[in-house]
Amino acid sequence: MNRVTSTAIVLQRRAYGDFDLIVTVLTEDQGKRTLIAKSAKKSAKRFPGILEPFNHLQIAFRETRRKGMPVLEEATLLHPMEGLRSDVVKTAYASYWAESIAIWMEEGQVREDLFDLLRFVLNALNGGDMEAAMISVLFQMRFIGYEGLQPVLAHCTCCQLDIEQLPQNNFCIDLGKGGVVCNHCPTGASGHLHLSKGTLKQLQWINSGDLIKARRMRFAPRALAEATAFLEAFVPYHIGKKPKSLRFLKQVRS
């Protein structure tokens, strides 16, 4: 049996039987892995309360000979995230990001860029030096961009005209077409999602350059509300499933 060590972020955990836990983690070099932590609920020595969502860990797990679930053998806490779990709004945002990644990624798919992105936004949220809704816009734009699902925001998805060439200031979003549609083109969209030209430009900017540069962007309240409504509809639509945590996020935010 092969023993593997890696840095990991806990995405989700759930009870399994009376004493075990099933833990889904995003690792730096092993991708998303679903592990069983045997006797985790009664073993304070091996897992002293550290298998909590969003914690950064150093883990060791062992692959099984058969197709069974890999066994988590050791875990060391590298960076606790108490600031997230003690604030219900921050918990809701972090849960939405973690669940989106868990839904989208295949088991064992190695994605260092997503690992770095999740680590960055969780640390920013935990540190409290950036508005949670703004961090979420940054996460969602980068997440869908990394996955090749980036929305078309620079031109109309139907006629291909650049938004700068169009006199209108507000654009309809067609989720099925993957982006904006101008007033002259037909759309199957329900019509409730719109983005102003200014918000479109800001979203394009936040998706360029490095993360440190992108986090300097500041949205006006109206633009932030537009971007939030758009991305929280666009991301679930294109990953093929609505995260359960998104409903919780909307409830606590309101």
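Begin by selecting W97, L203 and F219, which touch the most other members of the largest nonpolar core, a group of 66 residues; such a core is a set of buried Ala, Val, Leu, Ile, Met, Phe, Trp, Tyr and Cys residues joined through side-chain atoms within 4.5 Å, where buried means under 20% relative accessible area with a 1.4 Å probe and protein chains only. Next select helix α4 (residues 132–146), which supplies the largest share of this core, ten residues; helices are DSSP runs of H or I with at least four residues, strands are runs of E with at least two, and both are numbered from the N terminus.

This is a predicted model, in which local features need pLDDT of at least 70 and side-chain atom pairs count only at pLDDT 80 or more, while totals for chains, interfaces and linings use all residues. Residues are numbered from 1 along each chain as its sequence is written, and side-chain values use heavy atoms, with hydrogens and water left out.

Return to W97 and display its contacts (heavy atoms within 4.5 Å): leaving aside residues up to four places away in sequence, W97 touches L118, V121, L122, L125, A132, I135, S136 and F139. A second, separate core has 17 residues, among them V10, L21, L35 and F47.

Now select the open sheet of three strands, whose order is β7-β6-β8 with antiparallel pairing; two strands pair if DSSP finds at least two bridges between them. Because β7 (179–181) and β8 (194–196) stand at the edges with a single partner strand each, one side of each lacks a neighbour in the sheet. Strand β6 (residues 170–174) pairs with β7 over three bridges, and C172 stands opposite V181 in β7.

Conventions: Buried < 20%, exposed > 50% of the residue type's maximum accessible area, 1.4 Å probe, protein only.
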